[in-house]
Amino acid sequence: MMYESHSEKDTRKIAEKFASDIRSGDVICIDGELGAGKTVFVSAFAKALGVTEYISSPTFTVVNEYSGKIPVFHFDVYRITDAEQMYDIGFDEYIFGNGVCIIEWSRNIEEILPRGRYEITIRRDYSKGDDYREIKIKKKA
């Protein structure tokens, strides 16, 4: 699916709608340039799953864990230079655990991601306005 967002509010609505179809065990990969709105999307997604805590990008800690209707494991792998580093933090336990994993900058660890996952790409297009985002969501089998 391809969605158009013209504001942060639109992006949040898209994330909330997407969250309604998510189940425990799902892996969501989210990519886009710096400032594209990845963390805004993750924040609205987590809130839709019942997370009440403030959502921040775990750039330096790699993963933040949140409790909700389904546990949410929010990864930011921007600083990961070797996918094997993920095993040091127990990546397998998260991926095969009882929560939802949402991974920002997932292309940095593509070789260790499960086949069955959602892939989300957020792209800016300044010719359509400073707040415009194209959000593509696809299920990879």
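Which element gives the largest share of the lining of the largest pocket? In this predicted model, local features need pLDDT of at least 70 and side-chain atom pairs count only at pLDDT 80 or more, while totals for chains, interfaces and linings use all residues. Residues are numbered from 1 along each chain as its sequence is written, and side-chain values use heavy atoms, with hydrogens and water left out.

The largest share, three residues, comes from H2. Helices (H or I, at least four residues) and strands (E, at least two) are DSSP runs, numbered from the N terminus. A pocket is an open set of points on a 1 Å grid over the protein atoms alone where a 1.4 Å probe fits, with protein on both sides within 12 Å along at least five of seven lines; lining residues have an atom within 4 Å of a point. The largest pocket holds about 260 Å³ of space, the volume being the space filled by probe spheres set on the points, which are joined across faces, edges and corners. Its lining comprises 18 residues, with Gly35, Ala36, Gly37, Val40 and Arg133 nearest the centre. Helix H1 (8-19) and helix H2 (38-48) are the elements that give two or more residues to this lining. By class, four lining residues are nonpolar, eight polar and six charged (Ala, Val, Leu, Ile, Met, Phe, Trp, Tyr, Cys and Pro count as nonpolar, Asp, Glu, Lys and Arg as charged, and the others, Gly among them, as polar).

The second largest pocket has a volume of about 210 Å³. Arg107, Glu119, Ile120, Thr121 and Lys138 are the closest to its centre among 15 lining residues. Strands E2 (27-31), E6 (117-124) and E7 (133-140) each supply at least two residues of this lining.
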